[in-house]
Amino acid sequence: MANVIVIGAQWGDEGKGKITDLLSRSADVVVRYQGGVNAGHTIVVNGQTFKLHLIPSGILYPDTECIIGCGTVIDPQVLIGELDKLEKLNISTDNLRISQTAHVTMPYHRLIDRASEEQRGSHKIGTTGRGIGPTYADKSERTGIRVLDLMDADGLREQLEWTINYKNAILEKLYNLPPLDPEQVFQEYLGYAKRLRPFVVDTSVRIYDAVQKRRNILFEGAQGTLLDLDHGTYPYVTSSNPVAGGACVGTGVGPTMIDRVIGVSKAYTTRVGEGPFPTELQGEIGDLLASRGAEFGTTTGRKRRCGWFDAVIGRYAVRINGMDCMAITKLDVLDELKEIKVCVAYEIDGQRCEHFPTSARQFSRCLPIYQTLAGWQVSTTECRSLEDLPKQALEYLKFLAELMEVPIAIVSLGASRDQTIIVEDPIHGPKRALLQPNGTPVAV
């Protein structure tokens, strides 16, 4: 038995969906613990592409229980759309469970999100405009609507009358937008409640019961470490905690119930939206990475900014999350390059820095210090074991493991399930690793 957290070790979009999907075949329960429809997982199975925003990717395994935890914020319209699409593809959603205490994204959240971002002008954060930040803000302000509130029609009507009058004042006076009709919103969300009611339970009880029965549980987050509200590149962050610690808060389990943490990183680095990005590449190589990596957001379709692998934020992610091992994705994207650079440290105001700076202003002044490695210039997409990899590709992976002082457990070489090298099974225990945590290389 193992309870494993899968987290993004960069700015999100690292390929967590594929890794979670791979690990879900060994999991009895998959739990989503934070974020909302601002996240997206793309999974390719037998040539068919699935794009999920709220439903855990374990839903593709018919015997796996999938739970949306209380730390997630739920847009019912989007969730129902995902349910309908899956059911049209004859994929059962009978094993989906939704936390009754998860907060609900409302129409005024989306309107305020878009209007406030537009009003920021040059100071915009780069939100998806899906209402995630305002939903979490209401949660903190204790004025939010939870899933269990949708199930009580009289209580929901009473709550909406006050809340929408309050939000209308903001929409009209601050953003010059037309007001919302409380009755119209009530009827809309009453319909959502009817559709979702069969899935709503006390998920913390179900998770605890699964722990007691020694079932394998996989906790998946959205976004990545550098987008964490407390530990990311604030203010260019999301409104929740994607780090490993967020899994406990966002599901209702104690930290002693967690056995392992696996971080997911691309073989290079990407970022969507605003904010500093020390290794960002402009020009031909950046365009090549974006093209070969299909670097367009699952949720927004926005082109991702691309750059070399940043070991400074890699080490930071290892420390903040207490990572036991890593999965490296999209190694194949680097196949054509003659040389590959890795950022091993920063230069800040003439001083070498090997630790991630907490000040956004200081981070914006970071200049990358690179080490250059030889590329392999052959395709790796058909490799299925470490022995199949070109020597230079294997050396590249060893170098990343050494820099981050954590073993690499999984290497992904394409979007499909089978385009993967599993060096170590994070759920069923270690087999072997590219590098032991003490930095001593082992034979592979």
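Predicted model: local features only at pLDDT ≥ 70, side-chain atom pairs only at ≥ 80, totals over all residues.
Salt bridges are considered first. In the model, the count comes to 22 salt bridges. One of them joins Glu-65 and Arg-206, with the closest N and O atoms 2.6 Å apart. This pair links distant parts of the chain. Arg-206, at 32% relative accessibility, counts as partly exposed.

A salt bridge also forms between the side chains of Glu-295 and Lys-266, at 2.8 Å from N to O. Glu-295 belongs to the loop between α10 and β13, while Lys-266 belongs to strand β11 (residues 260-266). The pair therefore ties together parts of the chain that are 29 residues apart in sequence. Both Glu-295 and Lys-266 are buried. These two residues also take part in a network of salt bridges. Asp-13, Arg-304 and Lys-330 are linked in that network with Lys-266 and Glu-295.

Arg-365 and Asp-349 provide a further example. Their side chains meet in a salt bridge of 2.9 Å, N to O. Arg-365 lies in the loop between α12 (360-363) and β18 (367-374). Asp-349 lies in the loop between β16 (339-348) and β17 (351-353). The pair links distant parts of the chain, 16 residues apart. Arg-365 counts as partly exposed, at 38% relative accessibility. Asp-349 has a relative accessible area of 56%; the cut-off for exposed is over 50%, so Asp-349 is exposed.

Helix α1 spans residues 16-24. Nine of its nine residues are buried, so the helix is largely enclosed by the rest of the structure. The buried residues of α1 include the charged residues Lys-16, Lys-18 and Asp-21. Gly-17, Ile-19, Thr-20, Leu-22, Leu-23 and Ser-24 are also among the buried residues of α1.

Val-211 is placed in helix α8 (residues 203-212). Val-211 has a relative accessible area of 12% and is buried. Beyond residues up to four places away in sequence, Val-211 touches Asn-3, Ile-217 and Met-257. Val-211 and Ile-258 are 47 residues apart along the chain, and their C-alpha atoms are separated by 9.8 Å.

Glu-117 is found in helix α3 (residues 107-120). At 12% relative accessibility, Glu-117 counts as buried. Its contacts, leaving aside neighbours within four places in sequence, are with Lys-124, Ile-125, Gly-126 and Thr-127. Glu-117 and Thr-128 are eleven residues apart in sequence. From C-alpha to C-alpha, Glu-117 and Thr-128 are 9.4 Å apart in space.

A cis peptide bond joins Tyr-234 and Pro-235, with omega about 10 degrees. Pro-235 is placed in the loop between β10 (217-220) and α9 (245-249). Arg-142 has a positive phi, near 65 degrees, and is a residue other than glycine. Arg-142 lies in the loop between α4 (132-141) and α5 (147-150). With a relative accessible area of 76%, Arg-142 is exposed. Ala-294 also has a positive phi, of about 50 degrees, although it is not a glycine. Ala-294 is found in the loop between α10 (284-292) and β13 (305-307). Ala-294 counts as partly exposed, at 48% relative accessibility, whereas Glu-295 is buried.

Asp-152, Asp-154, Glu-158 and Glu-161 gather on the surface in a patch of negative charge. Glu-161 is found in helix α6 (residues 153-173). At 44% relative accessibility, Glu-161 counts as partly exposed.

Terms used:
Residues numbered from 1 in each chain as written. Heavy atoms only, no water. Patch = residues over 30% accessible without salt bridge, like charges linked within 9 Å, V, L, I, M, F, W, Y side chains within 5 Å. Areas by Shrake-Rupley, 256 points an atom, 1.4 Å probe, with all protein chains shown as cover. Salt bridge = Lys/Arg side-chain N within 4 Å of Asp/Glu carboxyl O. Charge placed at Lys NZ, Arg CZ, Asp CG, Glu CD. Helix = DSSP H or I, 4+ residues; strand = E, 2+ residues; numbered from the N terminus. Buried < 20%, exposed > 50% of the residue type's maximum accessible area, 1.4 Å probe, protein only. Contact = heavy atoms within 4.5 Å.
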